[in-house]
Amino acid sequence: MKAILYPLILLFTITSLGISQQISKGQQGRFLISNATIHTVSDGDIKGDILIDGNTILAVGPALTDETAVRIDGTDKHIYPGFVDSGCRIGLAEISSVSLTQDYNELGTYTPHMEALTAVNPNSVHIPITRVNGVTTAFTYPSGGLFPGKGALIHMQGYTPEQMSAGFQGHLLNWPSSGRRHRWDKRSDEEIKKDQQKAQKKLKEFWQSVSAYAKMDNPTGYKPQLSTLSEVANGNAKLLVEVNKKEDIINAIKWVQDNKVDAIFTGVSEGWRVADSLAKYEIPVITGPILDNPSRDSDRYDAPYTNAGKMMAAGVLVAIRTNESENVRNLPFNAAFAANYGMGVDQAIKAITINPARMFGVDDQIGSIEEGKLANLFVCDGDPFEMKTRITHLFINGYNIPMENRQTYLYDEFLDRDSGNKIKN
Amino acid sequence: MKNIKNIIVAVFTCLSSTLVTGQLTGDILITNGTVITIEDGVLEDTDVLIRDGKIKQIGEGLSFSNIETIDAEGMYVMPGIIDAHSHVGLDAVNEATNPVTAEVNVGDALNPYDIGLYRALAGGVTISHAMHGSANAIGGQCETIKHRWGVLNPEDWRMKDAPRTIKFALGENPMRVHGERNDVAPRTRMGMEQEFRRSFAAAKEYKAAKDRSAKDSKAQSPDYSLRLETLADILDGKIIIHCHSYRADEIIMLMDVLSDYGVDKICFQHVNEGFKVAPELAEFGAQASVFSDWWAYKFEVYYSTAYNAAILTRNGVVTSINSDSRELIRHLYHEAAKTQRYGDLTDNEALRLITLNPAIQLGIDKRVGSLKVGKEGDIAIFSHHPLSIYATPLYTIVDGRVRFDREKDAADVRVDVDPETEIPAFYESSLHNHEEEGCMQGVHHNHHSH
């Protein structure tokens, strides 16, 4: 009897979980979204239709027809390419205060062989919560130490890290900072200087080893730290350099010039102070969060809001990141603040679509709505930066993704909760 | 040479601040704005006249001679934003030495030089509830402050005659600080309950002993204890409790304890799982002050939803959205707007979350929180509707005095320029995430894992 009961209970548990906890399946297929305003990003705004087949945008244009496609009425709706967060920890951090759920911070100063893609959790609860705001793709990266490892560009869909991969991995360097870590960093000025010089020396020595290794014809022995960075030293791969303070940015520019490193700078909170230099040396910048405090008490209150726009105006290629763990879903609003404080809406949209796609070398696949590109896009009923706007449909890798997640389920369950079991005292 | 120049600048700044801003109240006329009153609808092309710090008139075609005037045509005029949970402007936040520290008061450590106060003003925030941290079950008393940037006397930052408030805290923070780290109860949510019962029982006995000695000269009066005096004042309804809380069970627990002691003035803070017990909160008359969308920064907020504010509002709980952050306090209007994406609140419902509702929670709703004749002249003026992402705060007015003016904003507004430091410190990260910077400030000295 028991033997029969247990499978039954198990079956019941699984079924009820399926109803209340898991996100419904996305579906690939043939979809025709018709009569919408399409914000292509690469080729202006057009009124028309989009045909999706499998994971690809098959056609974009007016009056498309297709007998077999599932039709989605886009009347009065807008279509945008999926937004790209070019720096965050999604999939690598589940609960910030629980260290064993954090996979972004390996021990050691030199850990360039750590790969974020290894530890991305495809089942993170964060992913469905993030993507319903139109964020389809994110560069998720490790931190800590001098060379924390390789970040990975991932799509917010897939059952394995490989399926999620968007085809780019980037090496990282934390530039030795001459600033304070944060407001409560109690080190003296001398200690900060000493720490910075020590780190600078480590960088110099380590990079000498990397360069020497990269020049060897037949290197022997297992040296993963050196071998992984050889492609950077040889100019065949990009290095993302986290650097924020003005003086540090200037020194980092010199370093990448001297070492002929193909660099993207990240953070760059004081980019506005040296925007011309960044432009002159054609260094692309990933900046953010925009919703942040100024990095010095003496700075104008809106310095973080205006930074991206100022760099763009100087001619720098700018992408925007959240640098978030839990609220990557706020990427559009970070971009919106940049838009409102000097960048303008069109450029701010580019900073979370085509600009990062270019920097990461995947602009043949994502970042705009064009025939042949990956079907990463969303449909909404207005300006995607405005809070009132509703996103009605979302496609990632061509999958029609359900607009639901644990937070919407909780809303559905508790908005009009039953008063509960009345207890008689 | 530069040092000398800095000293001169510093001295001049101090002097001019005192001279210009020494007065706490002022007169001002705001004309032709779209006036969002909160309690009486939205009025187009309307003027607001403030005299001696109070709203004197709201109407069309008002005039007054020789008065500072803001032409608000095309702009949106709303009540100054109120943040029911902040630690900006405090020199000390956590007296983390005992699970019960009702005797301390953060108002004794106000810091009018904190640049964060100006940045809050630049986000339209005129009043904040400067709170003790969440290290203790019963923490210290809090201070409701008016953002009078440039006024250097800390006493003048207090909102005079605002009701007294005190910080309570449930869950992980007090359990970690005392139970895990110091091996002192509480280590569990069971232990938490007993901290409150023990404290209230002691206060009740203290009160009774005082009463006996007042009536009977032979009865010995109890040794004076500021801690017990404060707890007794809570029992007497003289202090509003603001309780850091997350989980449904602990929220119910505290309401049960308060019921047993006849205490009903309570606003739950953060209260990420408030939505799960919204009917119970409403029935008790408890209020809720929440984040718009923060979650997953610790285990007890893993099962949160950004729809919390909307669910609480729809269930009749007086709800506000707070910052608990030097960063979020700069754009509470944007945080309030999130309730329109997550739960479809109306414009007025969303704006109440950062105006009248926090005023109710702080017991100052007769004075501020809406635009009404007779109320205090605290006003925020925006370029666009404040719930639009394109809204830029343009002016912030406290008691009829302009404390933020975007046009005239000087890049460097510090009032405590240190002549010894040529270049102000640079911060790599504002560490605006979560509690290390807010609630748990001063507790995590050795733990900056961020």
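How many salt bridges does the structure hold over all chains? The count comes to 56, and that is for a predicted model. Side chains of opposite charge can pair when their charged atoms come close. Asp262(A) sits in the loop between α7 and β11 of chain A, while Lys238(A) belongs to the loop between α6 (224-233) and β10 of that chain, so the pair ties together parts that are 24 residues apart in sequence.

Next comes the place where the two chains meet. On one side, 66 residues of chain A are in contact, and on the other, 68 residues of chain B. Put together, chain A and chain B bury about 6500 Å² between them, and 50% of that is on carbon and sulfur atoms. Who gives up the most area on the chain A side? Trp184(A), Tyr301(A) and Met387(A) lose the most to chain B, and together they make up 12% of what that side buries.

Lys388(A) and Asp347(B) form a salt bridge through their side chains, at 2.9 Å from N to O. As for which pieces of chain A are involved, the elements giving two or more residues to the side that touches chain B are α3 (126-131), α9 (303-314), α10 (331-343) and α13 (406-414) of chain A. The largest share, six residues, is from α13(A). Sorted by kind, the residues on this side of chain A come out as 25 nonpolar, 19 polar and 22 charged.

Chain A also has an open sheet of eight strands, and their order is β6-β7-β8-β9-β10-β11-β12-β13, with mixed pairing. At the edges stand β6 (83-88) and β13 (318-320) of chain A; each has a single partner strand, so one side of each is left without a neighbour in the sheet. On average, neighbouring strands of the sheet are turned by 25° against each other, ignoring direction. Zooming in, strand β8 (residues 150-155) and strand β9 (residues 165-174) of chain A run antiparallel and are joined by four bridges. Take Lys150(A): its bridge partner in β9(A) is His171(A).

Helix α7 (residues 246-258) of chain A touches β9, β10 (239-243) and β11 (263-267) of chain A, and its direction makes about 165° with that of β11(A). Helix α10(A) packs on the sheet too, touching β6, β7 (135-140) and β13 of chain A, and its direction makes about 135° with that of β13(A).

Finally, a few spots in the backbone deserve a look. Gly288(A) and Pro289(A) are joined by a cis peptide bond, with omega at about 5°, and Pro289(A) lies in the loop between β12 (285-287) and α9 of chain A. In chain B, a cis peptide bond links Ala185(B) and Pro186(B), with omega at about 10°; Pro186(B) is in the loop between α3 (172-182) and α4 (189-215) of chain B. Ile38(B) is not a glycine, yet it has a positive phi of about 80°. The loop between β1 (28-36) and β2 (42-51) of chain B is where Ile38(B) is found.

Notes. Residues numbered from 1 in each chain as written. Chains lettered and ligands numbered in written order. Predicted model: local features only at pLDDT ≥ 70, side-chain atom pairs only at ≥ 80, totals over all residues. Heavy atoms only, no water. Contact = heavy atoms within 4.5 Å. Buried area = accessible area lost by both parts, 1.4 Å probe. Salt bridge = Lys/Arg side-chain N within 4 Å of Asp/Glu carboxyl O. Nonpolar A, V, L, I, M, F, W, Y, C, P; charged D, E, K, R; others polar. Pairing = 2+ DSSP bridges. Axes fitted to C-alpha atoms, helices over the stretch in contact; angles between N-to-C directions.
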